[in-house]
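User: I have a new model open and I'd like a quick tour. Can you start with the basic terms?

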Amino acid sequence: MDSLNLIDKAQRIVIIPSSPVDGDAVGSSLALYLILKKLGKKPEINYSFDRFSSFKFLPGADAIKVIDLFKIDFSKYDLAIFLDGGDLSQFSDGKIHREPFILPTNIPVINIDHHPSNSRWAKNLVWDPSKSSVGEMIYEIFEGNVEIDKDIATNLFTAISTDTGHFRYTNTSKRVLEIAGQLLNYGVDLGNLMIRLYQTDSYKVVQFAGYLTSKIQINAKYKYSWFTVSIEEWQKDDLSLEDLKNSVGRTRDGNLRAIDGVDFVFCMSEEQPGYIGGSIRSRNPGMFDLTILAKLLGGGGHREAAGFLIRDKTVVEAEKLVHETIQSHYEEVKIK
């Protein structure tokens, strides 16, 4: 059976976004939630992560319920849709659970995703790595089948804009720009949305981002830059985990990736002892396949933007591991 036919047949549908919390995961989930309501369904959004306050201004965000994936009662639903995650581990909090999540067998499960590194963990997979975002996929799946309004358009625009770096990344195709233009026709308040998405942070986040910028280092031989942050560093400044994520993202995208002369960057943050999250980003489109590095470090993603997780090591040990992985696999990662 076509995976999308399962949506037509279901009434009670649970939507489960992935981690890391980002504009595509939240925006596409909210857009799908509002679309399903228009289609007469009874959708819910259950998220294992509560670090989405910067997206709470989005239409429908009050419908998101924070609940551990392992505690969801799937018997209440006819269908579960897992959005924007190439591996099942992305949908639960790895700091709480090391054991793998077992998919429910009493209802069908769909994974809608666009990551090239998708491990095909779901029997019903709607997957298109040529798309910029799940937001773009949701738009094309339901285009012409539901009346798009300002709220749906705002969420879809958020999903597409954030996953294309506000149309700066190489996944910004002609089709992406056409869809963005069409969404603006539905009344998206572009000026306000851009301020909320890209120019709104707390004072402590901006301050800590300045500290992280001062920690940036460069490897001149292999042409990459990086920074790391330990749990002691961010907790002494009384930051929340979400503050940390926002500070790291602001520093990575605003300063680390701006350095002339480097080809790619990475950063790592110790969220709790023995749990270090990292991300890798390219500065030279088409030069490296960063998914290779991410997979070697226990992660995945896209060629030019990927993430990884290192367990049971200190920040110093994890940093050494990443340097060794980059340097020993450099020629493999470099696109010939």
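Analyst: Helices (H or I, at least four residues) and strands (E, at least two) are DSSP runs, numbered from the N terminus. This is a predicted model, where local features need pLDDT of at least 70, side-chain atom pairs count only at pLDDT 80 or more, and totals for chains, interfaces and linings use all residues. Residues are numbered from 1 along each chain as its sequence is written, and side-chain values use heavy atoms, leaving out hydrogens and water.

User: Good. Where is Asp312 found?

Analyst: Asp312 sits in the loop between β12 (305-311) and α11 (315-328). Its phi is positive, about 60 degrees, although Asp312 is not a glycine.

User: Is Asp312 buried or exposed?

Analyst: Asp312 is exposed, because its relative accessible area is 53%. The cut-offs: buried is under 20% relative accessible area, exposed is over 50%, and partly exposed is in between (1.4 Å probe, protein chains only).

User: What about Asp84? What is its phi?

Analyst: Asp84 has a positive phi of about 65 degrees, and it is not a glycine. Asp84 lies in the loop between β4 and β5 (109-113). At 3% relative accessibility, Asp84 is buried.

User: Next topic. Which residues does a cis peptide bond join?

Analyst: Ser19 and Pro20, with omega at about 5 degrees. Pro20 belongs to the loop between β1 (12-17) and α2 (23-38).

User: Which residues does Arg51 touch?

Analyst: Ser19 is one of them. Leaving out residues up to four places away in sequence, Arg51 also touches Val21, Lys95, Leu241, Glu242 and Lys245. Contact means heavy atoms within 4.5 Å.

User: Where is Arg51 found, and is it buried or exposed?

Analyst: Arg51 is in the loop between β2 (42-47) and β3. It is buried, with a relative accessible area of 11%.

User: Let's go to Glu44. Where does Glu44 lie?

Analyst: In strand β2. Beyond its neighbours within four places in sequence, Glu44 contacts Ile13, Val14, Ile15, Tyr33, Lys65, Lys76 and Tyr77.

User: And where does Lys76 lie?

Analyst: Lys76 is in the loop between β3 (64-66) and β4 (79-83). It counts as partly exposed, at 39% relative accessibility. Lys76 touches Arg12 and Glu44, again not counting residues up to four places away. Ile160 is 84 residues from Lys76 along the chain, and their C-alpha atoms are separated by 31 Å.

User: Now rings. How many aromatic pairs does a search of the whole structure find?

Analyst: It finds 16. In one of them, the ring centres of Tyr224 and Trp226 are 5.7 Å apart and the planes meet at 50 degrees, so the pair is tilted. Rings of Phe, Tyr and Trp (its six-membered ring) pair if their centres lie within 6.5 Å; planes under 30 degrees apart are stacked, over 60 edge-to-face, the rest tilted.

User: Is Tyr224 buried or exposed? And Trp226, buried or exposed?

Analyst: Tyr224 is buried, at 0% relative accessible area. Trp226 is buried too, at 7%.

User: Which residues do ring pairs link into a cluster?

Analyst: Tyr222, Tyr224, Trp226, Phe264, Phe266, Phe288 and Tyr330.

User: Last one. Which residues does Lys334 touch?

Analyst: Met287 and Phe288, apart from residues up to four places away in sequence. Lys334 and Met287 are 47 residues apart in sequence, yet 6.0 Å apart in space, C-alpha to C-alpha. Lys334 lies in the segment after α12 (330-333). It is partly exposed, with a relative accessible area of 30%.
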